[in-house]
Amino acid sequence: MANESPQKQDQWDRIGEAIFDGIYKLILISINGFKELFNYPAARIFHFITVMLGITVLLVKTCWHVKLFYYIFENDFGAYVHNIIIGKNEGEHLINLLIIEFFLVTFSLGIIAISRKNKWKQFFESCNLKNGQGTYPALVSIVKDGDYKTSYLFKGNGVGLDRFRSSQDSFESLLMKNISKIENGKDPSIIKVITNTKVLSSHLGYSGVSNKMPLKNYEFYLGDTIDGLRKTNLSKLPHLVIAGTTGGGKSSFFKQTLVGLLNSSNHLQMYLIDLKGGLEFSDFKKSPNAKIVKSMEGAVTILELICAEMSKRFNYLERHGYKSIIPKRDKLDRIVVAVDEASVLYANRDKNSFDYELSLQAREMTDRIAKLGRAAGIHLILATQKVSKETISTSIQENISARMCFKMNTLQGSLALLGDKSAMDLPAIAGRGIWMHGNESFTVQAPYIEDSEIKDQCESIEVDLHSKMLGNVQKHEQKSKLAKVLTDGEIHHD
Ligand SMILES: Nc1ncnc2c1ncn2[C@@H]1O[C@H](COP(=O)(O)OP(=O)(O)O)[C@@H](O)[C@H]1O
Ligand SMILES: [Mg+2]
């Protein structure tokens, strides 16, 4: 080498540099691949290592790879490499093979990670998602959570959540999956794009749900969602509107909600107003803590009794300096007022109509319960086709924040209830609805309960009420302005 020309020397230097550079890049790729390993669940990695170890031991014992190696490199180079790999004994052979495999695996993972990073870079370029300095967000990791959910974690690099959200369609077409949520990670510089491939089934039996997820105090089921079965607690809502076009599943949801609540606690009183006069709710009569009212007069009477009870409870709270009723501490039952086809009760009527006064009173008292019921442990559940100021007054609407909305046929209907058109976009599947409470909103497939199940459940309910059910009509008659109209069993006792 000493008598080589300077050009040749230069050439050798460059070759040396290129080899060094190449090795450096290989190592970098492998380091990337090694980091990638942490994105996989530990169980999967353990499984992979076990299989690889098995294969490696087999290779050491059979030397199949050596035979293959000789077949390919029938020369000194083959023998040289072969001697290095085989080592002095089987132990060295095994370790050498494991090192080579580890390098091959991390290198392959590294290549995958780099090509993915490039794909995302091109994607952000095409969406023009960059910060003021022209830097794009970068993929940090992909985490699989269960069978359906995958979270893509990005470092925002100055690109905020809103801008990610406005590119949701582009993300979906790139990933070819529906995005269920785009949110900030625990570290606010991280943005999480969550996909979910779960498809909700069009039928969900109540008994299946209740076997999997028992209810505790004042809870009821919402149904199956892409994140699994969901239930909620009435005491936290504290009132609920169920809406949707006829046939969407309101009454069925209403019934399963009532059954769930009646079963969830033995300190609950339920007053069910059903002005359609059918037999739809007759099975609830079997429950010792439910009372059914079928007429306008009966409805107004029961609302008056409940408002009186509410005033009594407020006096009690004031006397004790408490903020709200806690049934266990105060020995008071939670009260649920449930109205199916609520618009029949509240709709504006002609001034000359017989029910005009009754409807006004019903509105006024419901309004009070909606405003004050929370502290008194009194809850409203209203089912109605649509929510408008003609059917349910704005004041009542404002005080009911929880909504279960089944399919709506009109944009106004969906807007009035959810503030967007999502209820209109729902598929025509009975029991498919959108749950909304606070800033939480998701699609559900509601549980369906057969009438025979309602009957069985209501018959087997055990109660331990703190006080007698309201509705002692005789006693109330003297006070009620409506006493005359009420006499003929408008309130049905069990
Ligand atoms: N969660 C559900 N799952 C499956 N089918 C349902 C569900 N809810 C309702 N249905 C079907 O749709 C029909 C109408 O439901 P219903 O609750 O009476 O609607 P609405 O009260 O909105 O008019 C029911 O008789 C039932 O066959
Ligand atoms: Mg109905």
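Modeller: Start at the ligand: an oxygen atom of ligand 1 is 2.9 Å from an N or O atom in the side chain of serine 251. This is a predicted model, where local features need pLDDT of at least 70, side-chain atom pairs count only at pLDDT 80 or more, and totals for chains, interfaces and linings use all residues. Residues are numbered from 1 along each chain as written, chains are lettered from A and ligands numbered from 1 in written order, and side-chain values use heavy atoms, without hydrogens and water.

Biologist: What makes the serine 251 pair, at 2.9 Å, a polar contact?

Modeller: The cut-off for a pair of N or O atoms is 3.5 Å, so 2.9 Å qualifies.

Biologist: Why are H2 and H3 called roughly perpendicular?

Modeller: Helix H2 (residues 42-62) and helix H3 (residues 64-72) pack at about 65°, with axes 6 Å apart. Roughly perpendicular covers 65 to 115 degrees, so the pair gets that name.

Biologist: And what makes H9 roughly parallel to H16?

Modeller: The axes of H9 (residues 250-264) and H16 (residues 451-459) come within 10 Å and cross at roughly 20°. Angles under 35 degrees count as roughly parallel, and therefore H9 is roughly parallel to H16.

Biologist: Which residues of H9 and H16 make the contact?

Modeller: With contact meaning heavy atoms within 4.5 Å, they are Lys255, Val259, Leu262 and Asn263 of H9, and Asp451, Ile454, Gln457 and Cys458 of H16.

Notes
Axes fitted to C-alpha atoms, helices over the stretch in contact; angles between N-to-C directions. Helix = DSSP H or I, 4+ residues; strand = E, 2+ residues; numbered from the N terminus. Parallel < 35°, antiparallel > 145°, perpendicular 65-115°, else oblique. Polar contact = N/O pair within 3.5 Å; in protein donor to acceptor, adjacent residues only side chain to side chain.
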